[in-house]
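Hi,

Here's the structure I promised to pass on.

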Amino acid sequence: MAGGEITVESASPRSPEAEIGIKVEDLWEVLEPQLTPTEKLNSCFQDLPVSSFPTPLSQVIEIPSDASLAETVEILSKHKILSAPVRDVDAPDDASWMDRYIGIVEFAGVSMWLLNQLHVSANGNAGSTLARMNSFTYKKQASGVAENGHTSVTSQNNDDGSTSVTGSFFENLTSSEFYKNTKVKDISGSFRWAPFLALQTSDSFLTMLLLLSKYRVKSLPVVDFDDGKLVNIITQSSVVHMLGECAGLVWFENWGTKTLDELGLPNTKPFYLLKVKEDEPVLKAFLLMRQKGIGGLPVIDASGKYAVGNISIRDIQYLLTAPEIYKDYRTITVSDFLTAVRKYLTKQEADSPLLHGVVTCKRGDTMKEVILKLDSKKIHRIYVIDEDGLLEGVITLRDIISKLVHEPSNYFGDFFDGVLPLPEDSRV
């Protein structure tokens with residue numbers, strides 16, 4: 001390679017994501033040499049509008065606010081997406097963008113809301129929505145047909161306060177009137193329900209990257225105010241994919257060849273890393289994610305030291321989209337759940353991160369290596385292990401994006417007023 005020139009590793013013709021990298025490269029080369037690499041990246045992304053981010057080939061999917069939970073799950077599953085904006089069907093034609101949408105619903109959010117109803121009902125809260133449904137009756141530690149002739153399911157409280165159910169529970173749930181009649185608007189504001197925080201096409205990449213990292217926003221709608229259309233939804237996954245396509249460019253190599261240790265990753269110390277064992281109830285795993293506000297957990301062996309798998313909040317979708325695969329289980333452990341889903345996905349010839357084993361890295365690996373692993377496996381987290389294979393931490397998509405840019409003082413001003421709470425460490 002003459003003159004130390006670095007060439008783009010992406011195949012020709014370049015992908016739309018690689019073209020973004022070229023634009024960043026052009027901006028990088030003309031910046032003042034006295035700027036630090038971090039200052040250069042901030043400046044490059046500040047000058048790049050989000051309108052240049054690749055748009056989906058098909059129309060952006062929306063969900064009407066009067067859609068049932070069953071219809072919402074069907075829409076998300078059909079289009080193979082994890083979330084979608086919810087349009088307020090009662091909003092007037094001249095409503096503002098903030099009033100036209102009531103938020104963004106996630107697949108995991110629907111599932112977790114239903115599980116929370118189960119958890120509350122099983123712990124004796126008579127006011128629970130689910131407990132009051134005539135067509136779907138709870139009977140603790142019993143199964144069969146209830147006195148009123150409706151389906152009953154086993155619900156058992158564990159010593160740790162979590163709830164376990166029989167494998168037939170989710171098949172009964174997805175055929176219930178409760179599931180078919182509850183509207184998506186009825187669960188607004190629940191776990192993993194995001195406000196409709198939209199970017200304009202003229203907003204910068206820097207704004208987008210900060211929102212997806214420091215401010216923990218998982219997906220960002222992009223609105224073309226001139227045409228009055230929702231034109232894109234940018235996710236953490238799509239940003240990390242873009243970074244992977246930029247491998248080989250000078251600016252990327254300058255940042256991406258740093259090791260995780262050099263960048264201060266992982267953030268979580270081994271002692272504080274939350275885990276779940278293979279033989280524990282799968283509902284315990286999902287409820288722990290809800291309680292702690294995290295997106296996934298390492299599945300560990302009996303010793304509690306070695307990761308043997310991963311369970312993600314997005315995996316909860318299979319409790320609703322394929323409920324029949326658990327019906328032969330007396331109870332559903334984490335191991336049962338992962339085994340059943342893998343068999344189902346293999347039979348469907350579907351490509352899914354669940355079909356891969358646990359994906360790991362080490363502190364001495366470079367950011368570039370980690371990005372390429374995450375992107376190729378289509379996963380949202382990677383576990384850090386030491387030389388003996390012991391768990392040391394976890395790195396998420398948000399962690400990666402947060403190391404790419406930093407927030408200038410007073411950058412957002414009143415951007416968030418009335419939209420969402422700020423993190424405790426915010427300087428805004």
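E280 is buried, since its relative accessible area is 18% and the cut-off for buried is under 20%. Its salt-bridge partner is K284, with 2.4 Å between the closest N and O atoms. K284 comes out as partly exposed because its relative accessible area is 22%. Bear in mind that this is a predicted model.

In total I get eight salt bridges. Another one pairs E392 with R363 at 2.9 Å, N to O. That pair ties together distant parts of the chain: E392 sits in strand 16, R363 in the loop between strand 14 and helix 14 (367-377), and they are 29 residues apart. E392 is buried at 19% relative accessibility, while R363 is partly exposed at 25%.

K378 and D375 also meet through their side chains, at 3.3 Å from N to O.

Strands 14 and 15 run parallel and are joined by two bridges; T360 has Y383 as its bridge partner in strand 15.

Two other things. Helix 8 (residues 205-212) is mostly covered, with eight of its eight residues buried. And D66, E71, E74 and D90 form a negative surface patch, where D66 is partly exposed at 38% and lies in the loop between strand 1 and helix 3.

Cheers

Definitions and conventions:
Residues numbered from 1 in each chain as written. Predicted model: local features only at pLDDT ≥ 70, side-chain atom pairs only at ≥ 80, totals over all residues. Heavy atoms only, no water. Patch = residues over 30% accessible without salt bridge, like charges linked within 9 Å, V, L, I, M, F, W, Y side chains within 5 Å. Areas by Shrake-Rupley, 256 points an atom, 1.4 Å probe, with all protein chains shown as cover. Salt bridge = Lys/Arg side-chain N within 4 Å of Asp/Glu carboxyl O. Lys, Arg positive; Asp, Glu negative; His and termini not counted. Charge placed at Lys NZ, Arg CZ, Asp CG, Glu CD. Helix = DSSP H or I, 4+ residues; strand = E, 2+ residues; numbered from the N terminus. Buried < 20%, exposed > 50% of the residue type's maximum accessible area, 1.4 Å probe, protein only. Pairing = 2+ DSSP bridges.
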